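Here's a quick briefing to read alongside the structure. Have a look at the model first, then go through the points by topic.

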Amino acid sequence: MSSRFRVELLAAQSRKDFDCGNDSLNAYLRRQAGQDQRKRFTICYLLMETDTDKVAGYFAMSAGGIPATDLPEATSKRLPRYPSIPVVRIGRLAISTEYQGQGVGGTLLFDAIRRASTSEFGVYAIVVDAIDDAAVSFYQHHGFICFGDDPRSLFLPVSDGLKQILNRKR
């Protein structure tokens, strides 16, 4: 991450001016993210512009599981025979319109992958439920694969995410 930005846990930062172009993602950050975090349903991280303290983006993560039968057969046949696969779910990821198209989304996604891969509990994959077709394309660009019956449900094995992070640093 460049010194232009820093990632920090949601706290008392001003979020009222955040606008990613999607009303539901804006409203979540402004009105719901703090409540969800206090209730321990999710953890929300903000991408802050260092010089201005503006919120450039955010993501929310939570622990979860998905049925092993939802994964593609090529993936599930290599896994232990458990009924549920441990995952970290990125519930929301949004970039302010001011910073879109600058690679900031990928930077924020890689921070989420890094956090998932270094957590102290078992996590096989990162799962997302993309909000629209553009989000599906974004996640697929970063190696996520569709699973289950919903074409907007995607996953990335943590090991694959780590490889991407390592390749990106080179």
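This is a predicted model, and its protein chain averages a pLDDT of 88. In all, 94% of the residues score at least 70.

**Confidence by element**
- Strand β2 (residues 43-49) comes out on top among the elements, with a mean pLDDT of 94.
- At the other end, helix α5 (residues 158-169) has the lowest mean, 67.

- All 5 of the 5 residues of β7 (residues 153-157) are buried, so the strand is largely enclosed by the rest of the structure.
- Ser153, Phe155 and Pro157 point one way from β7, while Leu154 and Leu156 point the other way.
- Strand β5 (residues 125-129) runs antiparallel to β7, and 5 bridges join the two.
- Strand β6 (residues 145-146) is also antiparallel to β7, joined to it by 2 bridges.
- Phe155 turns up in both pairings: it is the bridge partner of Val127, and Ile145 stands opposite it.
- β6 and β7 make a hairpin with 6 residues between them, and Gly148 in the turn has a positive phi of about 70 degrees.

**Helix α3**
- The 14 residues of α3 (residues 104-117) reach 20 Å from first C-alpha to last, close to the 20 Å expected at 1.5 Å a residue.
- This helix is mostly covered, with 11 of its 14 residues buried.
- Among the buried ones are Val104, Leu108, Phe110, Asp111 and Ala116.

Technical notes: Residues are numbered from 1 along each chain as its sequence is written. This is a predicted model: local features need pLDDT of at least 70, side-chain atom pairs count only at pLDDT 80 or more; totals for chains, interfaces and linings use all residues. Side-chain values use heavy atoms; hydrogens and water are left out. pLDDT is the predictor's confidence in each residue, from 0 to 100. Helices (H or I, at least four residues) and strands (E, at least two) are DSSP runs, numbered from the N terminus. Buried means under 20% relative accessible area, exposed over 50%, partly exposed in between (1.4 Å probe, protein chains only). Two strands pair if DSSP finds at least two bridges between them. The expected span of a helix is 1.5 Å times one less than its number of residues.
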